[in-house]
Amino acid sequence: MRPFHFLHDELYCEDVALAELAERVGTPLYVYSARSIRDRCRAFKSALEGYDHHLTYAVKANANLEVLRVIAAEQLGADVASKGEAFLALSAGFAPESISFSGVGKRADEILFALKNNIRRFYVESEQEWDALSEIARQLGVRARVLLRLNLDIDAGGHDYISTGKKHDKFGLAPDRALALAVRGEHSPPIDFRGLHVHIGSQITSVEPFVEAAEKLSEIVEHFRRRSIPVHDLDIGGGFGVVYEGFLQHPLLDEPKTKSVPEIATILERILPIVRATGCKIALQPGRAIVAEAGALVSKVLYRKETDAKTFLIVDGGMNDLLRPSLYRAYHQIVPLKIARRALETVDVVGPCCESGDFFALDRRLPRLDRGDALAVLCAGAYGFVLSSNYNAQLRPAEVLVDGAKAACVRERDRLEELL
Ligand code: LLP
């Protein structure tokens, strides 16, 4: 069952009615379903069953401590992209051995923090980063295990800002340069070269780019081995797409047909045999696919404003709470918390920030909503709160974790004093 569903025309997250929750906690408000997060973790684990694997959750997608605890309890590892994320992952109970450190720009203090806390698996993206890591590990007298991130010039589709695998993107190393580094690594005792990594993009909605990446990787493994460089691990990264459009269907809504994406099992059915043939252990770093559909941003209509050109619903959440529509023109389904047989109309759902780009939806067909009505912006569990800000000195929203009939506030709304 979807984490959000209508019961007697009221929107629920698991067994919790959202209208009541919104009254109690106030809006805007992020709500997450623990059950959905667990289900998604299990879907990955079951698709990987029987394979030697390393499954890490990309903390950048949602770094709420209690959300991380749910994922740690499912026995996933964590992939972190900063000292802050490493600190959160450790605080949530991820074992240091299960944590990997990614990112194109790791500072020396971040590398030091990770090594001192027994995080030893690094994804390296440049020669200078290799040298920096090698030097810091040598000073500490420890060994860092390294996977080199490759840039394989693969176009995974999607928005330019979240493409990461094309030649002109800042990420990864060309295979020949990675090979030169690995050869050099044979004489660099603080570094134990373990394998290769790609992360070709995010919200990838077809299987083919993953297959292309796995095939290219397996050829490169052969090439490394011919040069007597052993490769043990292949990390395919994250990027698994989720359903945004048509997520929740209801006869009184005018939501477009569900735009489905391949199941994780379908993707893995294609790439696991390719990886298995190399004899390497497979690693994955999903972020969005674990948490996106578990979350919604609940907001209230402050004002209806009808102009000659448009009808605006001005709501109390804005781009400072959920940036994806403004930044990527991302589509998020919007549903009223209480659904009634009301005329459909075309509206812009906009926030209070002083920017025309501050919107959740443009020209969207919704049942008529009035002042005080509440709505939910769906599939907001990934890259939602983590991208929020205090722009216009707005207070960042509260976050609530629902588990069955329980709803726990897992992060309070910012307080005015915190703006000082
Ligand atoms: N691994 C690495 C090295 C990454 O850079 C990312 C995401 C992931 C894993 C997880 O990717 P996922 O499975 O979540 O697609 N803010 C954008 C998405 C940026 C993704 C950045 N890297 C958005 O809201 O669509």
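Predicted model: local features only at pLDDT ≥ 70, side-chain atom pairs only at ≥ 80, totals over all residues.
**Ligand site, cavity, pocket and one glycine**

Let me begin at the ligand, where one of its nitrogen atoms sits 2.7 Å from an N or O atom in the side chain of glutamine 285, a polar contact in the sense of a pair of N or O atoms within 3.5 Å (within protein, one must be able to donate a hydrogen and the other to accept it, and residues adjacent in sequence count only if both atoms are side-chain atoms). Residues are numbered from 1 along each chain as its sequence is written, and side-chain values use heavy atoms, with hydrogens and water left out.

On its own the ligand has 580 Å² of accessible area, of which the protein covers 91%, with areas taken from the Shrake-Rupley method and a 1.4 Å probe.

What surrounds the ligand? There are 16 residues, the closest being Ser202, Gln285, Arg324, Tyr328 and Tyr383, where being near requires a heavy atom within 4 Å. By class, that shell holds six nonpolar, six polar and four charged residues, with Ala, Val, Leu, Ile, Met, Phe, Trp, Tyr, Cys and Pro counted as nonpolar, Asp, Glu, Lys and Arg as charged, and the others, Gly among them, as polar.

A pocket here is an open set of points on a 1 Å grid over the protein atoms alone, with protein on both sides within 12 Å along at least five of seven lines, whereas a cavity is a set where a 1.4 Å probe fits but cannot get out, and lining residues have an atom within 4 Å of a point. Grid points are joined across faces, edges and corners, and a volume is the space filled by probe spheres set on the points. Of the 19 residues lining that pocket, Gln203, Thr205, Tyr244, Glu245 and Tyr331 lie nearest its centre.

Over the whole structure, the search finds one cavity of 30 Å³ or more. The largest cavity is lined by Leu253, Asp254, Glu255, Gln333, Ile334, Arg365 and Leu366.

Finally, glycine 404 is buried, because its relative accessible area is 19% and buried means under 20% (1.4 Å probe, protein chains only).

Conventions
Buried < 20%, exposed > 50% of the residue type's maximum accessible area, 1.4 Å probe, protein only.
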